[in-house]
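Work through the exercises below with the sequence and the structure side by side, and try each task before you read its solution.

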Amino acid sequence: MIMKKVTIGGIECKLAYNLRTLFTYEEIAGHPYKGEKTIDVYLLFFSMLMANNPDFSMAFDEFIEACDEDMNLYQSFVEVVEEHGKRVSSFVESKKKAMIQ
């Protein structure tokens with residue numbers, strides 16, 4: 001699993017895409033992640049911070065302000081999500097190959 005560190009609100013936080021992130025998203029949003037709206041993407045990012053940093057206590061509005069001020073935060077999030085996607089694709093492909101043999 002890829003993990004990055006970002007500084008948000010003067011606090012170093014871990015970013016990792018894992019089941020805990022998805023569970024947290026579902027608790028906040030009330031539905032599974034689909035990524036259909038911009039707010040869904042930012043809620044996933046916020047969920048990632050909450051899930052991987054037990055002491056993370058920033059309000060969502062503060063989080064959005066921090067993202068507006070520092071576009072590198074979102075870029076780090078995108079990198080983690082893209083790397084997760086690559087890992088999942090690789091896993092699926094290896095399973096397909098194993099089934100063919």
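**Exercise 1: a pair of strands**

Describe how strand β1 and strand β2 are joined.

Solution. Strand β1 (residues 3-8) and β2 run antiparallel and are joined by six bridges, where strands are DSSP runs of E with at least two residues, helices are runs of H or I with at least four, and both are numbered from the N terminus. Two strands count as paired if DSSP finds at least two bridges between them. Next, look across the pair, where Ile8 stands opposite Ile11 in β2. Finally, follow the chain through the hairpin, which has two residues between its strands, and find in the turn Gly9, whose phi is positive at about 60 degrees.

This is a predicted model, in which local features need pLDDT of at least 70 and side-chain atom pairs count only at pLDDT 80 or more, while totals for chains, interfaces and linings use all residues. Residues are numbered from 1 along each chain as its sequence is written, and side-chain values use heavy atoms, leaving out hydrogens and water.

**Exercise 2: the contacts of Leu15**

Find which residues Leu15 is in contact with, leaving aside its neighbours within four places in sequence.

Solution. Contact means heavy atoms within 4.5 Å.
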